[in-house]
Amino acid sequence: MTEFRINVLLLFLLLCSIVFINLKQDPHSSLRGTGEEKRIVKRLKQGKNSSLKDNLNIRILRKLEMRTKQEPRDLAVIGGSTSIEISEKMLDSVSIHNYSVFNPSIEDYEALYTMYLKTAPLCNHLIFDLSAFSFLEESGDLHSWIPLSSEYLAAQHFLGSYSILEEARVRMAQLSDLLSIPSFRKSVKQLRSKKPKHSGNLPMVTTIYADGSWNRMSVADSINRLRPNPLFTDIGFQPSSPIVDKKVRRLKVLLEHAIEHQQVWVVLSPFSPSLYAEVMGHNTGIIGFEKELHQFAQKHQIRILGSFNPKTLGLEEDDFMDPVHWYPWSKGKYFEAIHLSDSLRL
């Protein structure tokens, strides 16, 4: 029995050591960021663009950024990499706050919206840019929203979705990250290294603009095209992944709350023709999802722009930089055709 207790104690001490070192080193910059976030937010607050000198955690950046917003704009954008390049320039000088992040989950949408509500006075219009990616059974890095855990749990309260089980799930996700062996290996490597800490690979030379937009996707595309053998982009999901009804229901609750506060629009970001054709070869529910959104929008007077189907928008393969991102110039051309800028000024 004594030997068993000793083994349990040793295991407990080992787990505590892993948690402590991961907590102290923050190997993926999911707790405190890299420090780059504060420098950039300071410049954005002054209305200046900022070149990215080091990697950062974009969710921590958005959290810090929203705390500084004190004046409303014509438009606020909450979305993913498909909307991160929506800028004042793209919309003919419509004033914008772009709060998009990469690979957003439904948890991200709820957390970002929670933070947005605290930026009162609110913007005149709010756009949720949606990719079907966020509502699939598989959707990339499932725990990327952890830096916004507190904001996500706050959303669960005012959206009426809070439960002890959900909070337990969030806390377990946080603990799982702290107990991660790959993270621990990276933490130990950082302890041994004398080089400055970076979050992942060194960044591309990109610019974050004063309106919160970011040219990272275009720069990534340009770099990829310069390679002798361009890489196929990892789209983060299988084309056979089905739409999850629970995520769709949560989106509807979020939109119902948002329309109580202001005018809300939704943008559906299309897949490339080749990927959409592949998705259509499986029973994913994407057509039903889009139809359901249109019915919901008609009932609640929400304007829907775009479509998951590229043919609906008259888009060809050349309009896409990769299977899930249409070019900013192509998106800008579509916005111009529907006179979006004029509508946002009303």
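Helices (H or I, at least four residues) and strands (E, at least two) are DSSP runs, numbered from the N terminus. Helix 1 (residues 2–25), for one, holds Ile-6. This is a predicted model: local features need pLDDT of at least 70, side-chain atom pairs count only at pLDDT 80 or more, and totals for chains, interfaces and linings use all residues. Residues are numbered from 1 along each chain as its sequence is written, and side-chain values use heavy atoms, with hydrogens and water left out.

**Strands**

- Strand 4 (residues 125–130) and strand 6 run parallel, joined by six bridges; two strands pair if DSSP finds at least two bridges between them.
- In this pairing, Asp-129 stands opposite Val-267 of strand 6.
- Strand 6 also pairs with strand 7 (residues 303–306), in the parallel sense, over four bridges.
- Here Val-266 stands opposite Ile-304 of strand 7.
- Strand 6 (residues 263–268) is largely enclosed by the rest of the structure, because five of its six residues are buried. Buried means under 20% relative accessible area, exposed over 50%, and partly exposed in between (1.4 Å probe, protein chains only).

**Aromatic rings**

- Rings of Phe, Tyr and Trp (its six-membered ring) pair if their centres lie within 6.5 Å; planes under 30 degrees apart count as stacked, over 60 as edge-to-face and the rest as tilted.
- This rule gives 11 aromatic pairs.
- Tyr-99 and Tyr-116 make a tilted pair, because their ring centres are 6.4 Å apart and their planes stand at 55 degrees.
- Tyr-99 sits in the loop between strand 3 (96–98) and helix 4 (106–117), and Tyr-116 in helix 4, so the pair ties together parts 17 residues apart in sequence.
- Both Tyr-99 and Tyr-116 are buried.
- Tyr-113 and Phe-158 are also tilted, because their centres are 6.2 Å apart and their planes are at 55 degrees.
- Tyr-113 is buried at 1% relative accessible area, whereas Phe-158 is partly exposed at 31%.
- A cluster of ring pairs links Tyr-109, Phe-135, Phe-289 and Phe-308.

**Charges over rings**

- A charge sits over a ring if NZ of Lys or CZ of Arg is within 6 Å of the ring centre and within 35 degrees of the ring normal.
- Arg-216 lies over the face of Phe-102, 5.0 Å from the ring centre.
- Arg-303 lies over the face of Trp-265, 4.9 Å from the ring centre.

**Salt bridges**

- The whole structure has 11 salt bridges, each a side-chain nitrogen of Lys or Arg within 4 Å of a carboxyl oxygen of Asp or Glu.
- Glu-151 and Lys-63 meet in one of them (3.5 Å, N to O).
- That pair links distant parts of the chain, with Glu-151 in helix 5 and Lys-63 in helix 3 (residues 58–67), 88 residues apart.
- Glu-151 is buried at 12% relative accessible area, and Lys-63 is buried at 16%.
- Arg-169 bridges to Glu-107, with the closest N and O atoms 2.9 Å apart.
- Arg-169 lies in helix 6 (residues 164–178) and Glu-107 in helix 4, 62 residues apart.
- Arg-169 is partly exposed at 34%, but Glu-107 is buried at 9%.
- Lys-331 and Asp-129 form a salt bridge too (3.7 Å, N to O).
- Lys-331 belongs to helix 12 (residues 328–337) and Asp-129 to strand 4, so this pair ties together parts 202 residues apart in sequence.
- Both Lys-331 and Asp-129 are buried.
- Shared partners join Glu-107, Glu-166 and Arg-169 into one salt-bridge network.
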